[in-house]
Amino acid sequence: MSAAVAFWRAEHSSFASLLRLLEKKLFAFHSQDRPDYEGMLDIIQYLRHFPDRYHHAREDVAFACMARRDPSLAPLVARLHDDHRRIAQAGDGLRALLETALEGSIVSRETIESDAQDYVIQYRQHIASEEINLIPHAVSLMTESDWAEVARAHPDAVDPLFGADADESYRELRRQISIEAA
Ligand SMILES: [Fe+2]
Ligand SMILES: [Fe+2]
C-alpha cells in the first residue's frame, strides 16, 4: 500500500512547510516593528485542526495495527501517541498566547518566541521520528485490512489548507505558502 504511505509522507511535508513559515515569522521578531501574530495564529489554528484532529488520529489507528503485528514497536508507538497529546496541548497554549496578544493584552514577545520555537522543535522531532523509525515498518507490517481500518477512522477528514477544497479563511496563509514554495 505504497500510495497510503506516500500520502502519509506528503502530509508530513506539508506540515513541515508550515513549520518553516512559522519559524520565518519568528525570525522576523528581530527585524519588524510588529510581529505577524495573525499569520502565526492561522498556522496554529490549522495545525490544531487538521493534523491534530485527523492526521494524528489516523496515525494512532495505524500505530495500534503496527504494534499488534510487531509488539517490539509498542514502546515507540506509546511515545509517539503521547507526542500527539503533548503537541495538541502545546498548540493550545500557543494559540491562547497569540489570541491574548491580538486582543491587545500584554504578552511578552520573548514568551511567544520561546514557546513557538519549542513548539516547532517538538513538532519537527515528532515528524522525524515517525519518518525514520516507524513509517519504514508500515510498508512491511500493515495489511490491506489495517489500511482500511485507518481509512475508516476519519472518512470525513477534509484538509482545509492543502486539500482540493481549501477553506476561504486560509486564503492569506495559502498565498504565503505558495510564495515560499516558489
Ligand atoms: Fe504523529
Ligand atoms: Fe505524522
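**Ground rules.** In this predicted model local features need pLDDT of at least 70, side-chain atom pairs count only at pLDDT 80 or more, and totals for chains, interfaces and linings use all residues. Residues are numbered from 1 along each chain as its sequence is written, chains are lettered from A and ligands numbered from 1 in the order written, and side-chain values use heavy atoms, without hydrogens and water.

**Iron site.** I looked up the donors of the iron ion (ligand 1). They are Glu59 (OE), His84 (NE2), His126 (NE2) and Glu130 (OE), at 2.0 to 2.2 Å. Donors here are N, O and S atoms within 2.8 Å of the metal (3.2 Å for Na, K and Ca); water is not among the atoms, so sites may look incomplete. I noted the sequence spacing of the donor residues as E-x24-H-x41-H-x3-E.

I then checked the geometry. The angles among the 4 donor atoms run from 83 to 175°, and the site is irregular. Four donors are tetrahedral if all angles lie between 85 and 135 degrees; four are square planar and six octahedral if opposite donors are over 155 degrees apart and all others between 65 and 115; anything else is irregular.

Glutamate 59 also bridges to the iron ion (ligand 2), and the two ions lie 3.2 Å apart. Glutamate 59 sits in helix α2 (residues 37–69) and histidine 126 in helix α4 (residues 109–141), 67 residues apart. I take helices as DSSP runs of H or I, at least four residues, and strands as E runs, at least two, numbered from the N terminus. Glutamate 59 and histidine 126 are both buried (under 20% relative accessible area; exposed is over 50%, partly exposed in between; 1.4 Å probe, protein chains only).

I found about 210 Å³ in the largest pocket. Of its 13 lining residues, Ala4, Phe7, Arg58, Trp147 and Val150 are closest to the centre. Helices α1 (2–27), α2 and α5 (144–153) each give two or more residues to this lining. A pocket is an open set of points on a 1 Å grid over the protein atoms alone, where a 1.4 Å probe fits, with protein on both sides within 12 Å along at least five of seven lines; lining residues have an atom within 4 Å of a point. Volume is the space filled by probe spheres set on the points, which are joined across faces, edges and corners.

The second largest pocket has about 160 Å³. Its lining includes Phe7 and Arg58. Helix α1 gives the most to this lining, with 4 residues.

**Serine 114.** I placed serine 114 in helix α4. It is partly exposed, at 38% relative accessible area. Serine 114 and valine 150 are 35 Å apart, C-alpha to C-alpha.
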